[in-house]
Amino acid sequence: MRIDIITCLPKLLDSFFAQSILKRAQDKQLVEVHVHDLRDYSPFKHRQVDDYAFGGGAGMVLMPEPIDLCIQKLKAERKYDAVVYMTPDGEKFDQKKANSFSLLNNIILLCGHYKGVDERIRQNLITHEWTIGDYVLSGGELAAAVVSDAIIRLIPGVLSDETSALTDSFQDDLLAPPVFTRPAEYKGWKVPDVLLSGHEAEIEKWRTAQALERTKVRRPDLYNKHFSEEG
């Protein structure tokens with residue numbers, strides 16, 4: 001897989017992709033991540049990429065030309081499966097989208113900034129618009145990093161235990177059940193007996209019940225949608 005991230009603040013992403021699982025995924029050549037400085041595509045001497053909005057109003061807007069030039073250059077080099085714009089008014093990114101995109105080959109992530117991008121870019125070049133939550137960030141860089149992380153960890157070979165990702169929260173519309181590790185008792189706090197029993201069927205039954213209860217209490221919206229009789 002190849003992920004190209006277009007941003008006017010590329011240094012914000014340097015350390016994120018140079019650590020831990022994401023670094024190992026690149027070292028194994030399971031994924032390529034390329035960060036492109038939007039200012040490199042500015043037609044202006046001082047590398048300007050933003051301008052005032054027509055009609056007035058507060059804030060600046062990313063101009064269409066630098067974005068278009070960057071995307072067209074990338075598209076001339078390879079075929080892209082998706083061009084995603086990270087924006088607060090996009091569709092909510094979730095685990096199902098991560099699962100689906102982990103099967104793709106080439107993805108472009110465009111980071112919004114200021115008051116966003118010229119609408120003509122959204123209308124003509126963008127295939128998907130995503131948000132990671134109902135709040136506004138200073139730019140789309142953190143959102144692009146989150147999306148990249150969620151997708152990359154699902155690629156076969158990235159995690160040392162490939163079944164780990166399949167048991168994460170939201171994979172089956174449930175939150176993950178509680179987990180415990182050694183020692184079996186700490187300060188009088190004990191691990192549930194069933195987890196020490198070695199009885200795999202009972203352990204799985206316990207985990208399913210705990211996942212259902214945790215989802216019901218912490219995310220009633222998910223529970224009611226997928227598991228309650230009313231839902």
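Visitor: Which residues line the second largest pocket?
Guide: The lining is made up of Lys92, Phe93, Asp94, Gln95, Lys96, Phe170, Asp173, Arg219, Asp221, Leu222, Lys225 and His226. A pocket here is an open set of points on a 1 Å grid over the protein atoms alone, where a 1.4 Å probe fits and protein lies on both sides within 12 Å along at least five of seven lines; lining residues have an atom within 4 Å of a point.

Visitor: Before we go on, what sort of model is this?
Guide: It is a predicted model: local features need pLDDT of at least 70, side-chain atom pairs count only at pLDDT 80 or more, and totals for chains, interfaces and linings use all residues. Residues are numbered from 1 along each chain as its sequence is written, and side-chain values use heavy atoms, leaving out hydrogens and water.

Visitor: How do the lining residues divide into nonpolar, polar and charged?
Guide: Three are nonpolar, two polar and seven charged. Ala, Val, Leu, Ile, Met, Phe, Trp, Tyr, Cys and Pro count as nonpolar; Asp, Glu, Lys and Arg as charged; the others, Gly among them, as polar.

Visitor: And what volume does the second largest pocket have?
Guide: About 370 Å³. That is the space filled by probe spheres set on the points, with grid points joined across faces, edges and corners.

Visitor: New topic. How many residues does α8 have?
Guide: Helix α8 has 19 residues, 200-218. From first C-alpha to last it reaches 26 Å, close to the 27 Å expected at 1.5 Å a residue. The expected span is 1.5 Å times one less than the number of residues.

Visitor: Which residues of α8 are buried?
Guide: Ile203, Trp206, Ala211 and Thr215. They sit on the same side of α8, because they cover an arc of only 160° around the axis. The arc is that of the directions from the helix axis to the C-beta atoms. Buried means under 20% relative accessible area, exposed over 50%, partly exposed in between (1.4 Å probe, protein chains only).

Visitor: What do those buried residues of α8 pack against?
Guide: Against α7 (193-196) and α9 (220-226). The face turned away from the buried side carries the exposed residues Ala201, Lys205 and Val217.

Visitor: What about α2: which residues are buried there?
Guide: Pro66, Ile67, Cys70, Ile71 and Leu74. They fall within an arc of 120° seen down the axis, so they line one face of α2. Among the elements covering them are β1 (2-7), β5 (82-92) and α4 (119-124).

Visitor: Where is Thr87, and what does it touch?
Guide: Thr87 is in strand β5. It touches Arg122, Glu129, Trp130 and Thr131, leaving aside residues up to four places away in sequence. Contact means heavy atoms within 4.5 Å.

Visitor: Is Thr87 buried or exposed?
Guide: Thr87 counts as buried, at 7% relative accessibility.

Visitor: Now the backbone. Which residues does a cis peptide bond join?
Guide: Arg182 and Pro183, with omega about 5°. Pro183 lies in the loop between α6 (163-166) and β8 (185-186). Most peptide bonds are trans.

Visitor: What is the phi of Arg47?
Guide: About 60°, a positive value, although Arg47 is not a glycine. Arg47 is in the loop between β2 and β3 (50-52).

Technical notes: Helix = DSSP H or I, 4+ residues; strand = E, 2+ residues; numbered from the N terminus.
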